[in-house]
Amino acid sequence: MHDKPGNIVILTGAGISAESGVATFRGPDGLWEGHRVEDVATPEAFARDPRLVQNFYDQRRAALAGVEPNAAHLALARLDREWSGDLLLVTQNVDDLHERAGSRRLLHMHGELRRAFCLSCDERQDSPATLIEGATCAACGASEALRPDIVWFGEMPYHMERIEEALSGADLFVSIGTSGAVYPAAGFVRVAAAHGARTLELNLDPSEGTSFFDEARHGPAGTLVPQWVDSLLG
């Protein structure tokens with residue numbers, strides 16, 4: 001990694017926010033905050049028990065007030081400010097810690113907790129604090145039509161065309177805090193490599209896709225990411 005890359009694409013996952021205290025998607029028991037993923041993160045779950053699903057995301061949204069960006073988020077925001085080449089930060093996370101740290105060249109491929117989506121008019125909008133009490137759409141006025149603007153299992157991630165375009169032009173692809181198990185994000189390393197990018201994994205432990213990377217460094221994101229950014233900008 002000695003040659004300075006011009007264009008960088010960075011993917012972040014649950015591991016970077018876990019160090020801020022955000023619950024990772026699947027805990028060691030296979031549950032997310034005590035729920036089976038199938039009960040809170042699929043369109044079928046929402047159709048079956050919308051109140052359960054809305055309450056789950058209302059709680060996740062409220063929990064954001066108690067967490068802060070960590071050193072890894074802040075380092076990536078510094079890179080965003082100071083990097084003169086193309087840079088795109090793609091996050092699988094639905095929290096807003098990258099924004100609060102100061103990142104601007106950012107896409108949320110799995111949606112955002114603080115945003116809502118209207119099932120009546122398809123408008124995306126800032127979410128009220130709670131969706132469980134029949135929130136009204138700011139665009140069309142429909143009541144009880146808002147759902148969390150979250151990409152659930154079985155739904156298409158956002159911004160895929162823009163992401164694939166960036167991957168095809170990247171000189172360096174970096175994956176931070178991801179399991180390497182959830183597609184399509186888990187395939188980004190191979191897409192970037194196929195177009196000639198160097199690839200680097202920064203993760204607490206080896207991911208399921210570690211073998212696909214040119215280089216892997218393992219340890220806490222709050223330590224590894226600032227070190228990497230310092231070396232890149234130094």
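This is a predicted model: local features need pLDDT of at least 70, side-chain atom pairs count only at pLDDT 80 or more; totals for chains, interfaces and linings use all residues.
Select Asp122, which is found in the loop between β6 (residues 111-118) and β7 (residues 124-126). Phi of Asp122 is near 70°, a positive value in a residue other than glycine. Most residues other than glycine have a negative phi, and most peptide bonds are trans.

Proceed to Glu144, located in the loop between β7 and β8 (residues 146-150). Here too phi is positive, at about 55°, although Glu144 is not a glycine. Is Glu144 buried or exposed? Glu144 is exposed, because its relative accessible area is 68% and the term applies over 50%.

Next, display the backbone between Tyr183 and Pro184. The peptide bond from Tyr183 to Pro184 is cis, with omega near 10°. Pro184 belongs to the loop between β9 and α8.

**The parallel strands**

Colour strand β9 (residues 172-176) and strand β10 (residues 198-203). These two strands pair in the parallel sense over 5 bridges. Within the pairing, Phe173 stands opposite Thr199 in β10.

Strands β10 and β11 run parallel and are joined by 4 bridges. Select Asn203 to find its bridge partner in β11, which is His218. A surface display of β10 shows a strand that is mostly covered, as 5 of its 6 residues are buried.

Move to Glu68, in the loop between α4 and α5 (residues 71-82). Glu68 is exposed, because its relative accessible area is 51% and the cut-off is over 50%. Which residues does Glu68 contact, leaving aside its neighbours within four places in sequence? Glu68 is in contact with Ser20, Leu97 and Arg100. Select also His98, which is 30 residues from Glu68 along the chain; the C-alpha atoms of the two are separated by 9.8 Å.

Continue to helix α5. Its 12 residues should span 16 Å at 1.5 Å a residue, and its end C-alpha atoms are 16 Å apart, in agreement. Ala72, His73, Ala75, Leu76, Ala77, Leu79 and Asp80 are buried in this helix. An α-helix has 3.6 residues a turn, so residues three or four places apart point the same way. Display the partners of the buried α5 residues: they pack against β1 (residues 8-12), α1 (residues 14-18), β4 (residues 87-91), α6 (residues 97-101), β9 and α9 (residues 221-233).

The structure holds 1 cavity of 30 Å³ or more, and the volume of the largest cavity is about 30 Å³. Select Ile10, Leu76, Leu79, Asp80, Leu87, Leu89 and Ser103 to see its lining. The elements that give two or more residues to this lining are α5 and β4. Which element gives the most to the lining? Helix α5 does, with 3 residues.

Technical notes:
Residues are numbered from 1 along each chain as its sequence is written. Side-chain values use heavy atoms; hydrogens and water are left out. Buried means under 20% relative accessible area, exposed over 50%, partly exposed in between (1.4 Å probe, protein chains only). Two strands pair if DSSP finds at least two bridges between them. Contact means heavy atoms within 4.5 Å. On a 1 Å grid over the protein atoms alone, a cavity is a set of points where a 1.4 Å probe fits but cannot get out, and a pocket is an open set with protein on both sides within 12 Å along at least five of seven lines; lining residues have an atom within 4 Å of a point. Grid points are joined across faces, edges and corners, and a volume is the space filled by probe spheres set on the points. The expected span of a helix is 1.5 Å times one less than its number of residues.
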